Amino acid sequence: MITFEEHVVRQHPELGAEFGWVLSGLTLASKKIEAQIRSAGLSGVYGAQGSENVQGEAQQKLDVVANDAMMESLGSRAGVAALVSEEDEAPVAFDADGGKYIVIFDPLDGSSNIDVNVNVGTIFSVHRRLADGSLDASILQEGTKQVMGGYVVYGPSTVLVYTAGDGVYGFTLDAASGAFVLTNEAMVMPEQGPYYSVNEANAVTWPEGFQAYVEMLRTGGLGIAYSSRYIGSLVADFHRTLLKGGVFLYPPTKKQPGGKLRLLYEANPLAFIAEQAGGMATTGTDRILEIQPGKIHQRTPFCVGSKREMEALQAAVGGKA
Ligand code: AHM
Ligand code: MG
């Protein structure tokens, strides 16, 4: 039985003892979040909080609970220089002089689904604090510089998936021991998959290349008959794409011309995992991991999936192959 913490420490001794504290903070927070989600209907934490986050989105009670769990569990840890959350306008700095790591996260992704008991998740990205830069420069690093990208999906099982640049590994929360136990060794995304995943209600407002691409998938242009799957919960849609293959798209739309999903704590960690599993992640034209972020809540179009579908997408929307 190999736990998440043990796996990372064994594979990446170069990250140092302090990183162990970051890992235990992450698992502690996700176990707290998991427990709250499991009993949400009983404890009355379903529904809207009655406030908006920095993005102007209605916060759910569980968004606030999940954010507090991340802040409490990671904030007091040695090694953490700053925490950056989807729910907070500005980074929160801790131990800013000594901490080596910055944890950037979406505490509860897909929370609009929570009231109907659909899978949700926590997404996280870890960067090293730059020795010679400001805290802002350390936070606004390209995705290629990530030390770790990962997520937890709260589904029928609670599963944690991570990469630290040396393959992708999956762990399942074992209720008996309270540990995330290795269950998916060296995960590889199939080269082509049976599903495409996109909010088709927006189709008429996508750029033409995206419309033509989805039409091509629908009409057998890549040689297989696709099924569509869209949960509307990024972690769950991504997890399926990782395991089964295919493609997930959130293209530019009329309402969100720069894309809806956030670069630092949604696209980057999932792009890191996708590439490490043999897949690809782009805006349609450019590699996600090479985007230089300008601000912490920056949005991006996000397309991720199997090599075959992603190469065809590049061709359809005129991107670099
Ligand atoms: P959230 O971080 O506020 O939950 O928003 C992100 C979610 C993703 O989980 C999902 O992929 C997307 O929004 C769905 O958006 P839409 O409802 O526009 O299809
Ligand atoms: Mg989100």
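**Strands 7 and 8**

I started at Val 152, which stands opposite Leu 160 in strand 8. Strand 7 (residues 148-154) pairs with strand 8 (residues 158-163) in the antiparallel sense, over 6 bridges. My strands (E, at least two residues) and helices (H or I, at least four) are DSSP runs numbered from the N terminus, and two strands pair if DSSP finds at least two bridges between them. As a reminder to myself, strands of a sheet pair through backbone hydrogen bonds, either parallel or antiparallel.

Before going on, I noted that this is a predicted model, where local features need pLDDT of at least 70, side-chain atom pairs count only at pLDDT 80 or more, and totals for chains, interfaces and linings use all residues. Residues are numbered from 1 along each chain as its sequence is written, while chains are lettered from A and ligands numbered from 1 in the order in which they are written.

**The sheet and its helices**

Next I traced the open sheet of 8 strands, and its order came out as 4-3-5-6-7-8-9-10 with mixed pairing. Strand 4 (92-93) and strand 10 are the edge strands, each pairing on one side only.

I then looked for helices against these strands. Helix 4 (residues 61-75) lies across strand 3 (80-85), strand 4, strand 5 and strand 6, and runs at about 160° to strand 5. Helix 8 (residues 263-276) packs on the sheet too, with strand 6, strand 7 and strand 9 (168-174) among the strands touched. The direction of helix 8 makes about 85° with that of strand 6. Contact here means C-beta atoms, placed from the backbone, within 7 Å; axes are lines fitted to C-alpha atoms, for helices over the stretch in contact, and angles run from 0 to 180 degrees between N-to-C directions.

**Two positive phi values**

Most residues other than glycine have a negative phi, so I checked the exceptions. Asn 117 has a positive phi of about 60° and sits in the loop between strand 5 (101-109) and strand 6 (120-128). Ala 186 has a phi near 40°, in the loop between strand 10 (179-184) and strand 11 (195-197).

Buried or exposed? For Asn 117 I asked this first. Asn 117 counts as exposed because it has 11 C-beta neighbours inside 10 Å, and Ala 186 counts as exposed with 11 such neighbours. The scale I used is buried at 20 or more other C-beta atoms within 10 Å, exposed at 12 or fewer, and partly exposed in between, with C-beta atoms placed from the backbone.

**Annotated site**

An unreviewed UniProt entry annotates a "binding site" covering Asp 109, Gly 110, Ser 111, Ser 112, Asn 199, Tyr 230 and Lys 260. UniProt positions are given in the numbering used here, and such annotations may be inferred rather than shown by experiment.

I looked up two of these residues. Ser 112 is in the loop between strand 5 and strand 6 and is partly exposed, with 15 other C-beta atoms within 10 Å. Tyr 230 is in the loop between strand 12 (227-228) and helix 7 (234-244), and its 16 C-beta neighbours inside 10 Å make it partly exposed. Leaving out residues up to four places away in sequence, Tyr 230 touches Ser 197, Val 198, Asn 199 and Asp 237.

**Domains**

Last, I took the chain as domain 1 (4-184) and domain 2 (195-317), with bounds from an automatic or database domain assignment. Their centres, taken over C-alpha atoms, are 23 Å apart. The contact takes 34 residues from domain 1 and 27 residues from domain 2. On the domain 1 side, strand 6 gives the most, with 5 residues.

Technical notes. Two residues are in contact if their C-beta atoms, placed from the backbone, lie within 7 Å.
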